[in-house]
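Hi,

Here is the structure I promised to send over. Have a look first, and my notes on it follow below.

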Amino acid sequence: MNYTFSYNDQFSIEFANFPHDQQTAILQFAVCFSQHGLSDFTKYPGKITQSWSGLDVSDPAYSYTYGNDLWHYHVGLPSYKSVHPKYKTSDIVLHFQWPDWQKHGTHIDLVDIYNHYTSKGDFYLPPASYLAKSSR
């Protein structure tokens, strides 16, 4: 299977300015995706999840994340935490769009890397300007 990824426009611009550890974590995820896709999350050390998971369908964040096929991956920065036997989490997550997730699509768009939560305690969502056009 041929798994491909791309950087969304703003992400491409900012990647060169990310700290080395973030660049490395992003590239490790991209290499793993290129080799295995997303049909088996056990291939990844960090948790991968839909960004609308756990949100009420009436929440505007649900519409935003689901409508833009937005997912996130815990990259292990500053370190991984084992909170569940099946996966590890971290404070920093990589956001990506997986437009064909319902069909286990073979392409993702990398969007942003940021703290999982804002200083107000809200789940961070990348702004619309960072996203590829939605397929919905």
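Phe 11 and Phe 15 sit four residues apart in helix α1 (residues 9-15), so about one helical turn separates them; helices here are DSSP runs of H or I with at least four residues, strands are runs of E with at least two, and both are numbered from the N terminus. Please keep in mind that this is a predicted model, where local features need pLDDT of at least 70 and side-chain atom pairs count only at pLDDT 80 or more, while totals for chains, interfaces and linings use all residues. Residues are numbered from 1 along each chain as its sequence is written, and side-chain values use heavy atoms, with hydrogens and water left out.

On to the rings. I took rings of Phe, Tyr and Trp (its six-membered ring) as paired if their centres lie within 6.5 Å, with planes under 30 degrees apart called stacked, over 60 edge-to-face and the rest tilted. That rule gives 22 aromatic pairs. In one of them, the ring centres of Phe 11 and Phe 15 are 6.3 Å apart and the planes stand at 55°, so this pair is tilted. Phe 11 is buried at 1% relative accessibility, and Phe 15 is buried too, at 16%; buried means under 20% relative accessible area, exposed over 50% and partly exposed in between (1.4 Å probe, protein chains only).

Which kind of pair do Phe 41 and Trp 71 form? Theirs is edge-to-face, with 6.3 Å from centre to centre and 80° between the planes. Phe 41 belongs to the loop between α2 (20-36) and β2 (48-50), and Trp 71 to strand β3 (residues 70-74), so the pair ties together parts 30 residues apart in sequence. Phe 41 is partly exposed at 32%, whereas Trp 71 is buried at 5%. Both also belong to a cluster linked by ring pairs, whose members include Tyr 44, Trp 52, Tyr 73, Phe 96 and Trp 98.

Phe 96 leads us to strand β6 (residues 92-97). Six of its six residues are buried, so the strand is largely enclosed by the rest of the structure. Ile 92, Leu 94 and Phe 96 point one way from β6, and Val 93, His 95 and Gln 97 the other way.

As for its neighbours, strands count as paired if DSSP finds at least two bridges between them. β6 pairs with β3 in the antiparallel sense over five bridges, with Gln 97 as the bridge partner of Leu 70. β6 also pairs with strand β7 (residues 107-115), again antiparallel, over six bridges; there Ile 92 has Asn 115 as its bridge partner.

Best wishes
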